[in-house]
Amino acid sequence: MKCKTGAEAVTTAQSEERALDLRRTGASYREIATALNMSLGNAHKLVKRGLTRNLAKCSELADEIRTLELDRLDAMQTYLWGKAKRGNATAVDRILKIMERRARLLGLDKPERVALGGDPEAPPVRHETRTAAEYTDDELAAIIADSHQQDDYESRIGRGGTGEKKPAV
């Protein structure tokens, strides 16, 4: 891979930023290619590389913010620790809140189980998988009939299985 000179790197970075600006405003890759006097493929690569670079910057920034927040939580906990050890219930409560926040920030908590439909008492949704050989003939016939009914319905409303309008014939 050929190394770019300082001037080439600046020009590439400027082109990348211009391509991203155009894409943000809704320009197509063809429009970007025309505006920057380059091929369609190079316009796509330029935008993709710029987005990847921005994503990396965002990730680095998020890591820095996370570290800063952890430092703040540590400072607050340190300040409250002595009070909590002496039995101050409010300080104990605050430390527990700090610990909860730290665990969430670091992803230490077990994921919450969320029930479908919002009912926490509802049983978990189960997806049953069986091979065709495990179905009875009646079950297979019902499945086929349901699929034909769905096809009939979709053709009546002018839709295919993709949810797109079918062209008029």
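Val92 sits in helix α4, which spans residues 89–106, where a helix is a DSSP run of H or I with at least four residues, numbered from the N terminus. This is a predicted model, in which local features need pLDDT of at least 70 and side-chain atom pairs count only at pLDDT 80 or more, while totals for chains, interfaces and linings use all residues. Residues are numbered from 1 along each chain as its sequence is written, and side-chain values use heavy atoms, leaving out hydrogens and water.

Because its relative accessibility is 35%, Val92 counts as partly exposed; buried means under 20% relative accessible area, exposed over 50%, and partly exposed in between, with a 1.4 Å probe and protein chains only.

Leaving aside neighbours within four places in sequence, Arg102 is in contact (heavy atoms within 4.5 Å) with Leu70, Leu73, Asp74 and Gln77.

## Nonpolar cores

The largest nonpolar core has ten residues, including Ala19, Leu22, Ile32, Leu36 and Leu46; such a core is a set of buried Ala, Val, Leu, Ile, Met, Phe, Trp, Tyr and Cys residues joined through side-chain atoms within 4.5 Å. At least two residues of this core come from each of α1 (6–24), α2 (29–35) and α3 (40–85).

Not counting residues up to four places away in sequence, Leu36 touches Ser15, Arg18, Ala19 and Leu46.
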